[in-house]
Amino acid sequence: MTETTMIRSLSVERLQELLQTMGYRVTVAERDGQRQLLSATQGIGFSVRPGNPAPTEGEFIDYTLGCVLRLEGSLTAGVVDNWNVQKRFARLTQQSTFLVLEMDVVVAGGVSESYLRAAAELWDRLLQEFLLFLRQYADQARANAQPEGSASPSSDETAQAPEASTDAQAGIEQADSVQA
């Protein structure tokens, strides 16, 4: 790889263009005077927030991909820690009534465009795994809440009740671009 193909910093527009070539719908938004990108995958919205500034005006040397979900109710102890033990590349935190999944991408020192594409693909995969993780948590919470020896609802009872989305069943809903 030659020096001219190395990406050492990015602008919001360049990152937006890269994500769009990968098939993401991406918009630029401003929050508290800082520009960020907003997109979604698997029906879950996420933001791309520039990090440390580069020597070139309007560019940055790292960014954070983030997904913020609002909690309805409470999580059992250890759920956040369980995610963080199982996954290496993205960290999960609970901040007040929000679950925040974040992944940092660093371009300082120089990276290729294929590295940035791989980082976006990894993020997409982690969001899929995050949804699966939340569904499994919701299923486990429902199973633990059912009194021992009680019968499950009959298929007629289940058919009459509207099926809520898995995220709603887990007591979690998408927050509107909440800055972590």
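Which residues in helix 1 meet which residues in helix 3? The legends below answer this for a predicted model.

**Figure 1. Contact residues of helix 1 and helix 3.** In this close-up of the predicted model, helix 1 contributes Leu18, Leu19 and Thr21 to the contact. Their partners in helix 3 are Glu113, Leu116, Arg117 and Ala120. Sorted by class, this contact has four nonpolar, one polar and two charged residues.

**Figure 2. Geometry of the packing between helix 1 and helix 3.** Two packed helices are described by the angle between their axes and by the distance between those axes. For helix 1 and helix 3, the angle is about 65 degrees, and the axes lie 11 Å apart. Angles of 65 to 115 degrees count as roughly perpendicular, and helix 1 and helix 3 are therefore described as roughly perpendicular to each other. The crossing of these two helices is right-handed.

**Figure 3. Packing of helix 2 against helix 3.** Helix 2 comprises residues 79-86. Helix 2 packs with helix 3 at an angle of about 140 degrees, and their axes are 12 Å apart. Helix 2 and helix 3 are therefore oblique to each other. The crossing of helix 2 with helix 3 is right-handed.

**Figure 4. Contact residues of helix 2 and helix 3.** From helix 2, the residues Val79, Asn82, Trp83 and Gln86 take part in the contact. In helix 3 they meet Leu126, Glu129, Phe130, Phe133 and Tyr137. The residues of this contact comprise six nonpolar, two polar and one charged.

**Figure 5. The cavity found in the structure.** A search of the whole structure finds one cavity of 30 Å³ or more. The volume of the largest cavity is about 40 Å³. Its lining includes Leu15, Leu19, Val48, Tyr63 and Leu65, and also Val105, Leu116, Ala119 and Ala120. Helix 1 (12-21), strand 6 (62-71) and helix 3 (113-145) are the elements that each give two or more residues to this lining. The largest share, three residues, comes from helix 3. By class, the lining has nine nonpolar residues, with no polar and no charged residues. Leu19, Leu116 and Ala120 line this cavity, and these residues also belong to the contact of helix 1 with helix 3.

Methods
Residues are numbered from 1 along each chain as its sequence is written. This is a predicted model: local features need pLDDT of at least 70, side-chain atom pairs count only at pLDDT 80 or more; totals for chains, interfaces and linings use all residues. Side-chain values use heavy atoms; hydrogens and water are left out. On a 1 Å grid over the protein atoms alone, a cavity is a set of points where a 1.4 Å probe fits but cannot get out, and a pocket is an open set with protein on both sides within 12 Å along at least five of seven lines; lining residues have an atom within 4 Å of a point. Grid points are joined across faces, edges and corners, and a volume is the space filled by probe spheres set on the points. Helices (H or I, at least four residues) and strands (E, at least two) are DSSP runs, numbered from the N terminus. Ala, Val, Leu, Ile, Met, Phe, Trp, Tyr, Cys and Pro count as nonpolar, Asp, Glu, Lys and Arg as charged, and the others, Gly among them, as polar. Axes are lines fitted to C-alpha atoms, for helices over the stretch in contact, and angles run from 0 to 180 degrees between N-to-C directions. Angles under 35 degrees count as roughly parallel, over 145 as roughly antiparallel, 65 to 115 as roughly perpendicular and the rest as oblique. A crossing is left-handed if the near helix is turned anticlockwise from the far one by less than a right angle, and right-handed if clockwise. Contact means heavy atoms within 4.5 Å.
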